[in-house]
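Biologist: Could you show me how to read a structure like this one, feature by feature, with the general idea given before each case?

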Amino acid sequence: MSSQWLSKAFMKKICENPKIKLRSLIKKAHSKWNVDLTMTKAARVKQQALDEINDTYGEQYRRIHDYAAELLRSNPGSTVQIQVERPPEFELETPPPGTDLRPRFQRIYICLEACKRSFMVCRPMIGLDGCFIKTPYGSQLLTAIGWDPNDQILPIAYVVVEAETKDSWRWFLLNLCDDLGVDKIRWCTFMSDQQKVTLNLNLCN
C-alpha cells in the first residue's frame with residue numbers, strides 16, 4: 001500500500017481532525033488492512049493528505065465570487081457581501097519580486113431573500129451565536145436566528161469571519177440592519193450566547 005493510496009484512504013479522517021496523532025493512523029491501518037506502518041510513512045501519509053485538503057480548500061476560496069454570484073442568481077433579492085484583505089506590500093509602489101498580491105478572503109455575509117421576508121412576519125426576537133469552523137484555515141461562523149409561528153428555527157443571516165471579535169460582530173450587525181431595516185430591527189429583542197455580545201442598537205442609526 002503506497003503512501004499516496006493510504007493518504008486518500010485516510011483523507012476523511014484527517015480532514016475531520018487535522019491534528020490526529022500518527023499512532024492513531026498506524027493503529028487504524030493495522031486493524032483495517034493488517035498493515036504495519038512506520039512512523040515515517042505515517043507522517044508522509046498524513047502530510048500528503050493535508051496537502052491535498054489544503055489545496056482543495058484553497059481552490060474553493062478562490063471561487064468565492066462564483067459562489068456569491070450563484071446565490072444571487074438562484075435567490076433573487078438576497079444579499080451577499082464579501083470582504084477581502086490585501087497584503088501590506090500591495091500599498092508599495094514597487095512590491096518585492098515574487099510577492100503574492102492577490103486579495104485574500106476575510107469575510108462573507110449572506111442573507112437569503114426568502115429568509116428575510118419570512119422573518120418580517122415573525123416575532124421580533126433574534127438569537128445570536130457563533131462557532132468554530134473546522135477547516136485548515138480556521139474562521140468562525142456567526143449566525144442570526146429567528147423563530148417562526150410554529151416555534152421552528154428560522155435562519156435570518158450568517159457570516160463567515162476570520163475571528164469572533166467586536167469588529168466582526170459589528171460588521172455582521174451593520175449588514176443585518178441594512179437588510180432588515182431600522183423600523184423592524186429597533187423593536188427586536190436580541191438574545192446572545194451566554195451574554196457574550198454587547199449590542200448597541202445605535203448601529204442602525
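Modeller: Let us begin with a definition: the expected span of a helix is 1.5 Å times one less than its number of residues. Helices (H or I, at least four residues) and strands (E, at least two) are DSSP runs, numbered from the N terminus. Please keep in mind that this is a predicted model, in which local features need pLDDT of at least 70 and side-chain atom pairs count only at pLDDT 80 or more, while totals for chains, interfaces and linings use all residues. Residues are numbered from 1 along each chain as its sequence is written, and side-chain values use heavy atoms, with hydrogens and water left out.

Biologist: What span should the 24 residues of helix α4 have, at 1.5 Å a residue?

Modeller: Helix α4, residues 39–62, should span 34 Å, and this agrees with its end C-alpha atoms, which are 34 Å apart. Some of its residues are buried (buried means under 20% relative accessible area, exposed over 50%, and partly exposed in between, with a 1.4 Å probe and protein chains only). In α4 the buried residues are A42, V45, K46, A49, L50, I53 and G58, and they pack against α1 (3–9), α2 (11–16) and α3 (22–33).

Biologist: In what order do the six strands of the open sheet lie?

Modeller: Strands of a sheet pair through backbone hydrogen bonds, either parallel or antiparallel; here, two strands pair if DSSP finds at least two bridges between them. The order is β1-β2-β5-β4-β3-β6, with mixed pairing. The edge strands, each pairing on one side only, are β1 (79–85) and β6 (189–192). On average, neighbouring strands of this sheet are turned by 20° against each other, direction ignored, where axes are lines fitted to C-alpha atoms, for helices over the stretch in contact, and angles run from 0 to 180 degrees between N-to-C directions. Strand β1 pairs with β2 (residues 104–111) in the antiparallel sense over seven bridges, and I82 has I108 in β2 as its bridge partner.

Biologist: Which strands does helix α7 lie across?

Modeller: Helix α7 (residues 166–180) lies across β1, β2, β3 (125–132), β4 (140–147), β5 and β6, running at about 35° to β2. Helix α5 (residues 64–74) lies across β1, β2 and β5 (153–161), and runs at about 170° to β1.

Biologist: Which residues have the most contacts inside the largest nonpolar core?

Modeller: In soluble globular proteins, nonpolar side chains tend to be buried together. A nonpolar core is a set of buried Ala, Val, Leu, Ile, Met, Phe, Trp, Tyr and Cys residues joined through side-chain atoms within 4.5 Å. The largest has 23 residues, and those with the most contacts inside it are Y109, F119, I126, F172, L176 and I185. Helix α7 gives the most to this core, with seven residues. A second, separate core of 15 residues includes F10, I20, A42 and I53.

Biologist: Is T143 buried or exposed?

Modeller: T143, which is found in strand β4, is buried, with a relative accessible area of 18%. Leaving aside neighbours within four places in sequence, T143 is in contact (heavy atoms within 4.5 Å) with G127, L128, D129, A157, Y158 and F172.

Biologist: How many disulfides does a search of the whole structure find?

Modeller: A disulfide is a covalent bond between the sulfur atoms of two cysteines, and the search takes a pair of cysteine sulfur atoms within 2.5 Å. It finds zero disulfides in the whole structure. For C111, the nearest cysteine sulfur, that of C115, is 7.1 Å away.
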